[in-house]
Amino acid sequence: MASELRPSQFKKLVEERIHNPVLRNNLARATSTSLKKRATVVADFDNWEEMRSAAHDIKKLVINHLSAYLDQFVGQAEANGIKVHFANTGGDAASQVLDIIKAHDGKYVVKSKSMATEEIHLNHVLEENGIESLETDLGEYIIQLKDEIPSHITAPALHLSRQEIGKLFQEKLGIEYSENPEELTAVARDILRQKFLDADIGISGVNFGVADSGAICIVENEGNARLSVSLPKVHIAVMGMEKLVPDAQSLALLLKMLARSATGQRITSYTNLITGPRRDGEPDGPEEVHLIILDNGRTDLLKDPELRESLYCIRCGACLNICPVYQTIGGHSYGTHYPGPIGSVITPVFDGLEEGKKLPFASSLCGSCTEICPVKIPLHHMLLHQRKRIVESKLNKRWEKIAFRFWHLFMMNPTRYRIAGKFGRFFSELLSKEDGSINAPGWSKTRYFPAMPKKSFKELYREREHE
Amino acid sequence: MLSKRDPMSARKDIFSKIESALGSNANARPDKNAVDAIHAKLGWTVPTDLRAAFIQRVEESGGEAYHFSNTQELHAWLADFLKDIDSPRVMLAAHDMLNELDVHSQLQQYGCEIGETTGLDSAAITNIAEQSHIGIGTASAGFADCGAVLTTVSPQESRALSLLPDTHIVFLRESDLYPSMTEFSNTLQTQLTNNPASSYTFVGGPSKTADIEKTLVQGVHGPRRFVVCLI
């Protein structure tokens, strides 16, 4: 299933999903719950807007001086005993992980939730090489059982109902059917606890790298990340190279904002800071810590001043929750691991403009994403910029260009506009169905296309004047 | 393929790609003042009653918090806490603070079996933690804005203690309460840059998940109960 999803299949993927009432219901419940919880805890601060500006400025400083901060971070991390590797591509990163696992003769891997490892298709690579890699975040565990990719950055199984998960557990784990979240969670707990104890390698992502101390920060609620990086002998962390903050005070600020924006919490249950392998005298912890720093298209984002700020992203997922398009079509429709507005900005760079050319158009440009973003990324401006790149590269359809030519022609002159309106209303009335909508091939399959009103605004206005 | 074989070349590649994207200015690290100036613009409201705010936040995040003015109060609470558990097995950090509060002998008095970890390897320690009902450790700071506490791995305190038992209890001195992580960040900075422990964790409640229909469930992988004893 996971391999069928491609961003270029966007239209097909939407058509398959948009008429599914269960999915629509799951999406509506999950996104509205998240937004409500977020609003409650953001209200703790009367200076949230100033915090957003400060977070933006901090990330700006880091990204504009990325090599300096990266150099400092790597120096500190290595001094603390972390083995640091760099990877140009996702494939390189996955091979490096594999090499480390093989060097330790590792067989069982426990993984905590990480977008970077999704991005490099790590599980797939490990599986191909005969290594059992188990997702331990409950949501990730569920979608791994279902052989799917996450449909949300922070809530991977958001698209599934408790009934669907109950059936999945019944089928894959051979347990009695239950749709009680507590019971289902307890089943996963028992299975995964043993896996934590048996695993030789633990793999995690990284939420923040603290430049001046070389510490890596991993944020979670379940404790699975902490277990994954504590019990096995080797910990491998995969980090996007943009994830840095300068110091502890900047980390404190961003942590306040990440938990609130992502899950509507003041802080998550576990915010882990790892500085290196187990120190002399410490009772437990991994003997080796490896950190793989990933480019995989990030320097391409850096190159384009219009897209550079997308590297400020802290992967909270708030722009997904608030996006009216995401709320309607869900994460899998985007055909990529990074759905929603931020995904539509970065996917055309990560996967190529041709592959990702449909995504920047999956937006009403309402700007809610820009307004909710804790680090003030101008997301809807970037979506426009991506559209411009797509048009300039002549990747859009020819008829679209012709249609917009006509549009331009009619919009630039009041007489032409009036005539076009008359024609439009005439045909609209001819074509409209009983429910007041129009069948427009290619458009109305997934959208409601309202017929034009019988009279124009000007006509109505004139009638009023006569009254 | 070459970059994969030669790890140093990937590093060089990436740094040169950054430089070509941003110019050589990217290699100059901004002065610390530049970062401080951004933070200086932010003012924070501080709660008047740190203790009350902290306790409220711990409870809101699914944990429990109790305040004890003296050792007697603490011992009475411990007795009450343990009475519902049948022959409790406890893992205890070998921390001075817990010795001073006489926790060890109290636990023994109430029939607790205390997992002895001195001289054991990590596999054996994990095993003991896995068998324990309760892990008792310490926190070096607590934060009133969110109810989290900072736990640190040390020769006296394992990671397993806070992860594997069903209940995680931490002892925290009231004098170590801070309004938020921001006011603590200088101390954290010093700890992280000066012979740091391998792992620090801000614990904000029990292990929890909302991955099934956003329904909150406590105790998904780690402790189901998280208790802060404020001394």
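# Reading a two-chain model

Me: How many salt bridges are there over all chains?
Reply: The count over all chains comes to 35 salt bridges. Bear in mind that this is a predicted model.

Me: Which residue forms a salt bridge with Glu132(A), and how far apart are the closest N and O atoms?
Reply: Its partner is Lys195(A), with the closest N and O atoms 3.3 Å apart. Glu132(A) sits in strand S3 (residues 132–135) of chain A, and Lys195(A) in helix H10 (residues 181–198) of chain A, so the pair ties together parts that are 63 residues apart in sequence.

Me: Which strand of chain A pairs with S3(A)?
Reply: That is strand S2 (residues 108–111) of chain A. The two run in the parallel sense, over 4 bridges. To find the place, look for Lys111(A), which stands opposite Glu135(A) in S3(A).

Me: Where does strand S4 (residues 201–204) of chain A come in?
Reply: S4(A) pairs with S2(A), also in the parallel sense, over 3 bridges. Here Val109(A) stands opposite Ile201(A).

Me: How many helices and strands does chain A have?
Reply: Chain A has 22 helices and 10 strands.

Me: What does the radius of gyration say about chain A?
Reply: Compare it with the value for a compact globule. With 467 residues, such a globule would have a radius near 23 Å; chain A has 25 Å, which agrees. Along the principal axes, the C-alpha atoms of chain A fill a box of roughly 90 × 55 × 45 Å.

Me: Now the two chains. How is the size of an interface given?
Reply: Often as the accessible area that is lost when the parts come together. In this model, chain A and chain B bury about 8,100 Å² between them. Carbon and sulfur atoms account for 58% of that. Phe86(A), Arg189(A) and Arg226(A) supply 9% of the area chain A buries against chain B, more than any other three residues.

Me: How many residues does each chain bring to the contact?
Reply: Chain A brings 106 residues and chain B brings 82.

Me: What polar links are counted between chain A and chain B?
Reply: There are 51 residue pairs in polar contact, both residues at pLDDT 80 or more. The count of salt bridges between the chains is 8. One of them joins the side chains of Lys41(B) and Asp57(A), at 4.0 Å from N to O. By class, the side of chain A that touches chain B has 46 nonpolar, 32 polar and 28 charged residues.

Me: Which strands join chain A to chain B, and are they parallel or antiparallel?
Reply: Strand S9 (residues 270–274) of chain A meets strand S9 (residues 199–203) of chain B. They run antiparallel, joined by 5 bridges. Leu273(A) stands opposite Tyr200(B) there.

Conventions
Residues numbered from 1 in each chain as written. Chains lettered and ligands numbered in written order. Predicted model: local features only at pLDDT ≥ 70, side-chain atom pairs only at ≥ 80, totals over all residues. Heavy atoms only, no water. Contact = heavy atoms within 4.5 Å. Buried area = accessible area lost by both parts, 1.4 Å probe. Polar contact = N/O pair within 3.5 Å; in protein donor to acceptor, adjacent residues only side chain to side chain. Nonpolar A, V, L, I, M, F, W, Y, C, P; charged D, E, K, R; others polar. Pairing = 2+ DSSP bridges. Rg over C-alpha atoms; globule rule 2.2 N^0.38 Å.
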